[in-house]
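The sequence and structure come first, and the description follows.

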Amino acid sequence: MESTAIVQDYGSYLEEDHRTWASLMIRQNALDTDTISAEYLTGYKKLELDKKKIVRIDELSRRLENLSGWSLVPVTGLIPTKEFFYMLISKRYPVTISIRRPNEIDFSEQPDIFHDVCGHLPLLVNEKFTKFLSAYSIIALKYVNNDRAIDFLGRLYWYTYEMGIIREDGALKAYGGAVITSSEEILNLSRTEISKNPFDLGRIFKTPYNPYKLQSDYFFINSFDDLFECLEHLESQLIEQLLMPEEDLVLRNYSLNNNLGKGFNNVIGFLNDIQYQFPAAISFVAGQPDERFFNITHHMGKFDTYVRHVAKKTGDSWGTVINKIGQYNKTKGIVNDILSDYLRQDDNINIAPENILVTVGAQEAFSIIVSTICNREEDVILVEEPGYIGVSSFSKIFNYQIEGIHTDEEGLDLRDLRDKIIHCNRIGKKVKLLYVIPDYQNPSGSCMPIGNRLKLLELARKYNFLIIEDAVYNSFTYAQKKNPTLKSLDKYNRVIYVSSFSKSLFPGLRIGLIGAEQKIENDTGEVVSLVDEMVKVKAQITNNTSTISQAILGGTLLDLDCSLHSWCQPKFDSYRERRDKMIGALNRCIKNYQNEWAKGISWNEPDGGFFIKMSLPFEIDDQAVLEAAGKYNIIFCPMRVFYLKKGGENEIRLAFSNLSLNKIEIGVEQLAKFLRSRIVKDKGWAPAVAENGIATVE
Ligand SMILES: [Fe+2]
């Protein structure tokens with residue numbers, strides 16, 4: 001059976017190897033009872049290991065045999081599982097003959113003679129522990145051909161003999177060899193954020209580990225009796241575990257929507273990973289509303305306001321109204337009359353309640369509009385480039401055809417729009433929809449002048465397409481006056497109006513709306529209401545938007561006479577203050593120096609919304625984002641995320657909506673340091689100041 005045992009060729013060790021051993025032993029001998037188990041230290045002393053030279057395994061084996069009856073087998077590395085358990089049953093323990101390289105002194109991925117001898121042999125002098133180890137091996141040998149069983153039993157070995165900790169004198173101390181022989185791992189004992197769980201066989205079986213990382217979970221025993229006692233249930237718990245379904249329930253030979261493969265929104269995932277990896281970094285990525293304004297309990301109380309309103313209007317009892325709200329409900333919505341009033345007051349739009357469809361946020365509105373209007377083969381949807389991904393990502397997943405239209409400071413490039421429409425017509429495609437955010441667009445902050453709005457509406461009439469107007473930031477203006485929405489200027493009835501309450505109230509409400517007044521003559525010559533066709537689609541997607549949320553929104557609006565504008569003013573003021581802080585900080589840290597390094601950097605100063613677009617003299621690739629997060633504690637969003645194929649490589653989006661003034665200030669300072677360092681390096685200029693300075697490099 002013993003195929004891997006070899007001879008320790010002692011003469012083949014170099015002087016350098018002995019020096020490595022000696023320096024490891026200096027560290028080892030400094031370990032004390034504050035962090036290391038007394039049971040382990042007792043065994044360690046009894047072994048009387050050589051401190052200067054690598055131990056001779058045959059000598060040490062004889063000493064150990066006299067102490068506990070266990071002997072040692074020299075091996076070259078990991079040995080087959082079955083052989084390993086056979087060795088343990090016959091009281092023999094394998095010891096690797098090689099020693100780590102000097103550059104691995106703090107951490108060696110592979111076991112070496114230091115790890116095996118100093119990590120594991122001291123416990124082979126401990127009677128209780130060796131009884132556990134032998135009994136464990138007898139059980140393990142019965143399951144050696146069952147990979148899952150060996151995996152579970154391997155976890156027990158890992159969380160005891162390798163990573164075990166024990167409570168002694170009220171403190172948690174290490175007895176596991178991998179903890180004791182790793183100067184990094186041992187620090188985890190005092191890190192309060194790392195879990196130290198009571199020894200629990202069932203939980204250990206369910207806790208996988210990664211031998212190449214510092215552990216995030218440990219299990220502590222109160223004495224070695226705990227280990228011995230667990231043997232009584234070990235096999236029954238192992239069988240119980242094996243009878244449970246495999247953890248890996250992956251469906252194989254199966255596929256999902258092909259459009260969801262690699263590359264779909266991978267930049268968003270990448271940015272999330274970075275935020276997770278560098279939690280302390282200030283993030284200009286998320287364009288979220290500030291949750292300090294959510295006031296959710298206040299809004300929840302408005303549910304009652306809505307119920308009272310309906311009870312008074314219908315004469316129904318309180319209970320009847322509530323039960324009706326709880327029931328399946330009208331697909332079109334239950335608060336359409338209130339929303340119609342709200343749109344007239346706040347957005348200067350007259351839409352009858354029957355032409356409003358209440359949706360689950362704006363995103364559902366986009367998916368309903370596209371699915372109701374477009375056919376995959378012949379129709380094309382136009383989107384802004386750069387543009388918000390709501391329509392384009394949905395279209396990509398469901399194979400609708402999309403084309404990008406160039407945008408600049410004034411929003412859509414109307415010449416490019418016309419050219420694309422003509423091109424589509426020429427190749428036999430029909431442009432059916434254009435998706436646009438006319439005000440303070442996400443991601444670029446661009447805003448369409450009124451002249452362009454009117455021209456766009458004429459183009460829609462001339463080329464017979466409909467416009468999805470996403471009015472999400474229309475109210476979030478920092479100028480004197482709001483811009484007129486496309487819908488309010490729409491004398492040709494070409495605009496489908498989409499709005500949501502995620503920014504003005506809170507995203508968790510999940511309420512958006514479609515305002516569509518179009519009548520359409522369909523293929524059979526029948527004239528149908530567009531919104532009623534959309535209702536058919538929504539009925540198949542979500543049936544109806546949460547009526548509880550609708551009631552909360554309805555009550556909130558009723559209490560404010562169906563206008564949010566004045567009530568939201570403190571929010572608008574606060575976002576304006578942040579925009580000002582951001583622009584001020586950018587001017588101070590980058591522009592005002594008029595430094596040579598900063599000359600290729602520019603940004604816009606939007607009069608509303610949550611975003612600023614910055615153009616840079618170099619490309620922002622993943623490496624640059626990582627460097628900014630890791631070295632400069634700042635995360636931003638590469639603009640290329642918002643392009644369909646190529647574009648935006650030299651641009652970033654900076655969101656300021658959910659950061660405190662202080663964080664905006666610090667974040668911009670960090671951003672300036674990152675930009676300066678990158679530009680100075682790219683140009684091959686010698687930095688004139690220290691890495692973290694920004695003031696004097698020209
Ligand atoms: Fe080990």
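## Terms and model

Helices and strands here are DSSP runs, numbered from the N terminus; a helix has at least four residues and a strand at least two. The model is predicted.

## Overall form

The protein chain contains 24 helices and 22 strands. Its radius of gyration is 34 Å, well over the 26 Å that the globule rule gives for 698 residues, so the chain is more spread out than a compact globule. Along the principal axes, the C-alpha trace spans about 100 × 70 × 50 Å.

Of the 698 residues, 41% count as buried. Contacts between residues at least 6 apart in sequence were also sorted by separation: 70% of them join residues at least 24 apart.

## Domains and the contact between two of them

Three domains divide the chain: domain 1 (10–243), domain 2 (267–287 + 569–683) and domain 3 (301–563). The C-alpha centres of domain 2 and domain 3 are 30 Å apart.

Where these two domains meet, 20 residues of domain 2 are in contact with 20 residues of domain 3. On the domain 2 side, the elements that give two or more residues are helix 22 (565–591) and strand 19 (611–615). Helix 22 gives the most to that side, with 4 residues. By type, the residues on the side of domain 2 that touches domain 3 are 9 nonpolar, 6 polar and 5 charged.

In soluble globular proteins, nonpolar side chains tend to be buried together. The largest nonpolar core in this model has 76 residues, and those with the most contacts inside it are Ile369, Ile381, Leu433, Ile496 and Ile514. Helix 16 (residues 361–373) gives the most to this core, with 7 residues.

What is Leu433 in contact with, leaving aside its neighbours within four places in sequence? Its contacts are Val370, Ile373, Cys374, Ile381, Leu382, Phe465, Leu466 and Ile468.

## Strand 12 and its partners

Strand 12 covers residues 430–436; 6 of its 7 residues are buried, so the strand is largely enclosed by the rest of the structure. Strand 12 pairs with strand 9 (residues 379–385) in the parallel sense over 5 bridges. In this part of the model, Val380 stands opposite Val431 of strand 12.

Strand 12 also pairs with strand 13 (residues 466–470), again in the parallel sense, over 4 bridges. Tyr435 has Ile468 of strand 13 as its bridge partner.

An open sheet is formed by 4 strands in the order 18-19-22-21, with antiparallel pairing. Which strands stand at the edges? They are strand 18 (602–603) and strand 21 (637–638); each has a single partner strand, so one side of each is left without a neighbour in the sheet.

Strand 18 and strand 19 run antiparallel and are joined by 2 bridges. Ser602 stands opposite Ser615 in strand 19. Strand 19 is also one of the elements on the side of domain 2 that touches domain 3.

## Cis peptide bonds

Glu385 and Pro386 are joined by a cis peptide bond, with omega about 0°. Pro386 is in the loop between strand 9 and helix 17 (389–397).

The peptide bond from Asn442 to Pro443 is also cis, with omega near 20°. Pro443 lies in the loop between strand 12 and helix 19 (450–462).

## Positive phi angles

Arg510 is not a glycine, yet its phi is positive, about 55°. Arg510 is placed in the loop between strand 14 (495–500) and strand 15 (512–515). Arg510 has 17 C-beta neighbours inside 10 Å, so it counts as partly exposed.

Asn633, not a glycine either, has a positive phi of about 55°. Asn633 is found in the loop between helix 23 (622–632) and strand 20 (634–635). With 18 other C-beta atoms within 10 Å, Asn633 is partly exposed.

Key
Residues are numbered from 1 along each chain as its sequence is written. This is a predicted model: local features need pLDDT of at least 70, side-chain atom pairs count only at pLDDT 80 or more; totals for chains, interfaces and linings use all residues. Domain bounds come from an automatic or database domain assignment. Two residues are in contact if their C-beta atoms, placed from the backbone, lie within 7 Å. Ala, Val, Leu, Ile, Met, Phe, Trp, Tyr, Cys and Pro count as nonpolar, Asp, Glu, Lys and Arg as charged, and the others, Gly among them, as polar. The radius of gyration is taken over C-alpha atoms; the globule rule is 2.2 Å times the number of residues to the power 0.38. A residue is buried if 20 or more other C-beta atoms lie within 10 Å of its own, exposed if 12 or fewer, and partly exposed in between; C-beta atoms are placed from the backbone. A nonpolar core is a set of buried Ala, Val, Leu, Ile, Met, Phe, Trp, Tyr and Cys residues joined through C-beta atoms within 7 Å. Two strands pair if DSSP finds at least two bridges between them.
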